[in-house]
Structures are given as C-alpha cells and as structure tokens.
Amino acid sequence: MAESNVKVLGTWASPFVMRVKIALHLKSVRYEDVEEDLLAPKSELLLKSNPVYKKIPVFFHAHNPICESLIILQYIDEVWTTSASSILPSDPYERSQSRFWAAYVDDKFFPALRRLLIGATEEDKKAALAEVVGGTVVLEGAFGELSKGKAFFGGDNIGFVDIALGSLLGWIEVIGKQCETKLVSEAKTPRLVQWADCFSAHEAVKDVLPDVDKLADFGLKLRAKILKALALTN
Amino acid sequence: MADEDVVLLDFWPSPFGMRVRIALAEKEIKYEYKEEDLRNKSDLLLKMNPIHKKIPVLIHNGKPVCESLVQVQYIDEIWPHKSPLLPTDPYQRAIARFWGDFVDKKIYGLESGKVWTTKGEEQEAAKKEFIECLKLLEGELGNKAYFGGENLGYVDVVLVPFYSWFYAYEKCGNFSIETECPKLIAWAKRCMEKDSVSKSLPDQDKIYDYVLHLKKVFGIE
C-alpha cells in the first residue's frame, strides 16, 4: 500500500537507518528515502527536525518527525497493525525482554563496536575487541532464550531484537575484517552465525543491508572524520 | 484479580529505583521492597539480573524485569486500567519515549555526574550542559501541569526522581536550579504533592549526605 507523507531521513551506511527501513519493509509501507551525507555539514532539514541530537534517522509520518531508531520502530509497529508482521511480541513480559535486549545492543554492544572501529591505540583496540566478543557470547545466550528453538529472536518472524542487532551485521563484518577476526564466530556463537545468515536473507532485509566493500570504504572515511574531530577537542 | 507476587530489589538513593516505586504506587500495587547492599549484592540480585547485576530489579510472579524504562512500561502494560502512564496515541507515545530516553542520555550520565564529582572549568561546563538539558525539558513541559498533561505520565515518572538529587547538585555546584529553571522546579513540587511521588523519593538532605559520603569514599574533593 502506498503511503503518502512517509519519509526516512538517513543514510545507506547507518545501521540505525537500516532498522527503520527493515521495519517499513516488514509492514509493506512505501516511503520516500532522503539521503543525508554524513561526511558533509548537516542539512537544514536534519537540524530542524532533530534539534535535540541533530542525528539520523529521522522518520516523518504526516510531517511529524520521530527520532531515535528503537522509538521509531515501536511507532511503526503501533501505527501499521494490519500486517501479519508484529515487531514486538504481544505478551507484556516477552515485550519487556525484547526491549531489554534491544537496549543491551544499543547501550553495551554498539558502543564497544564503535570503540573497536575508532580505537586509536593497540591497547584500545584489544580492550574493545574483548568487549565485543564477550558481547556476542552474551547475545548468543539471549538468542537461545528468546528464539525458543526458532530461527529468529522474534521466533518464526524477525522482531525487535533481530532488527536491532541484525542492522549491525554489515559493520560487524567490516570491523571484523579490519581486526582480522570474525567477531561473530562459529566457535563461540554458532547459533548467531546461523541467525545472521537467515536474517540477511530475509525479504524485508536483503535489499537494505549495504555492500560490505562499499561500507568498508565508507568506514575508513568515517573513522578519519571522527578521529580528526576528537583530536580537535583534546 | 489473582494474587500478584511483586518484589522490587532496590537501593534507596537510586533514581532508577524511585521510578519503579512511583509507577507501582500510581497503580496501587502492593509489593515487597528489598534493600540491596551494592557492595555485597544478594544471590537473588545476581540471579535475577546476571547481565548487568544492577538494581532496580522488578520480580513479577518470579520472573525478572530489568532496566527502569523497560520496567515502567511493563508496569503500565500489565496494569493498564489505573493511572495510565503512556498516552494512547502512537505519536504522543513516541514523544514520551523520546523524552524519557533523553532524561537517561542527558540528565543521568557521565556528564551530569561531573556537576558533583569535579571542580573548576570541568564543573562549570557540566553545570552549563545540565541546565541546558533541564531547559529543554522545561520547553517540552510548556504550560502543562505535568508532562503527561493533567495527570502524571511516563516522562514525569522518569524525571521526577532526580529532583531528590537537585539539592546535592546545587550544594556541590554552588548554583540554584530554581533560578535557572523555575518552571521545572514548580512542576517537581507539584509532583511531590502526590503521595505516589513524595513517598517514593528520599529526603533531599539524606541524598546530600549520601553524595558527601560517596565523595569521601572515592576521594573526590
């Protein structure tokens, strides 16, 4: 169904933007894709629609802007309820578990991944690597609990935690290559490896995940930009 | 309604714990409060929150729910009929969640902690950012009695616990939050008129004593 006034302000490289697009694809909602160049100064639209954080993604529905990817996901789930694909579980306890693990991805796992990407010294990188790998083991455990033997964290279908973590898979591969390690390894996290393949192949996901080489190239530019900015503030 | 077994593992000065206390009080849910000694965490805490090993932990019929924002939403969904905390409209819900998340990112975080853990230029910068964030919240409150409108809502529950810490911040930072953000202080006092809030927040002098104690323990001047 074509929806007017549904817009995503973001960039192809951002996992947070990917989350929003996956959710919209799941719900079969058509949207306008507005690209923000992360390597250029921030656009007027971004500054106006997200004055608090000035970050992408910004989701627009009937001209109302919504920020923060996990909040956008819940909004999409609550507005487009006709589809069979529910992003959050219907049971309140299971919902709380999904929210807990998505928060873990954003508050613990992603920051460690980011530190691994921009780590300036060998020591920084080593510490971040240990944290990231430790995190994958924790998530392997979470997968066991939440999936209940099915293919996804959400069970038979992809859900909130699948989208939260799965959107990071491109970056996980790029950063892993940079460190010459498989961050999600068969040895430590066999179920996550299988899950990653299923997730990446999903109808709603496969056209959203970026080309890994293109992402690696972008990663180098982004890392340089971040390190330069950090150097200026020190 | 069937007998509910609700336990809260908590620590009296924790603003995160206070959120859950307020939410449960608003819903008029009876529960068992268990005070944790954070230097000597109980087996129950470690079992119920193995990932973070932190309070608060809400245990409902034996099952744990962790992370205060998750807990408040859970409480709202399990007991929806009394004092609904999140609005029914999806866009308003998104706005409420956004500001709740903002409180966690900006009001409670390493940066605002610097208001009482640092001195000099670093402290001044932290104070400035802290006030700026409070002013943004004042803007969001506007002319409403509460962030939730006519009644306490999600953002009120998430933010008001920090009011118990304001006095300590003011003493350590040598500034007046009321002078900078009078509307916000008026809102906080309005919230404190409700039993669910006043009975869930410790006395601000006690929090100040606790902060002084922490400073001593961590060797902060």
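Let's start with the area buried between domain 1 of chain B and domain 2 of chain B: it comes to about 1700 Å², and carbon and sulfur atoms give 70% of that. On the domain 1 side, B:Trp12, B:Arg19 and B:Ile22 lose the most area to domain 2, together 32% of what that side buries. Please keep in mind, everyone, that this is a predicted model.

As for who touches whom, 15 residues of domain 1 of chain B are in contact with 24 residues of domain 2 of chain B.

Across the same interface of domain 1 and domain 2 of chain B, six residue pairs are in polar contact, both partners at pLDDT 80 or more.

Which helices of domain 1 take part? Both α1 (15–26) and α3 (68–78) of chain B supply at least two residues of the side that touches domain 2. The most comes from α1(B), with nine residues. By class, that side of domain 1 of chain B divides into eleven nonpolar, one polar and three charged residues.

Let's move on to the two chains. Chain A and chain B bury about 2200 Å² between them, with 68% of it on carbon and sulfur atoms. On the chain A side, the residues that lose the most area to chain B are A:Tyr53, A:Tyr93 and A:Phe100, together 28% of what that side buries. The contact takes 23 residues from chain A and 23 residues from chain B.

How many salt bridges are there between chain A and chain B? The count is five. One pairs B:Arg93 with A:Glu78, the closest N and O atoms being 2.8 Å apart.

For the elements on the chain A side, β4 (64–67), α3 (69–79) and α4 (92–118) each supply at least two residues to the side that touches chain B. Here α4(A) gives the most, with ten residues. Sorted by class, the side of chain A that touches chain B has 14 nonpolar, four polar and five charged residues.

Thanks, and happy to chat!

Terms used
Residues are numbered from 1 along each chain as its sequence is written. Chains are lettered from A and ligands numbered from 1 in the order in which they are written. This is a predicted model: local features need pLDDT of at least 70, side-chain atom pairs count only at pLDDT 80 or more; totals for chains, interfaces and linings use all residues. Side-chain values use heavy atoms; hydrogens and water are left out. Contact means heavy atoms within 4.5 Å. Buried area is the accessible area (1.4 Å probe) that two parts lose on being put together, summed over both. A polar contact is a pair of N or O atoms within 3.5 Å; within protein, one must be able to donate a hydrogen and the other to accept it, and residues adjacent in sequence count only if both atoms are side-chain atoms. Helices (H or I, at least four residues) and strands (E, at least two) are DSSP runs, numbered from the N terminus. Ala, Val, Leu, Ile, Met, Phe, Trp, Tyr, Cys and Pro count as nonpolar, Asp, Glu, Lys and Arg as charged, and the others, Gly among them, as polar. A salt bridge is a side-chain nitrogen of Lys or Arg within 4 Å of a carboxyl oxygen of Asp or Glu.
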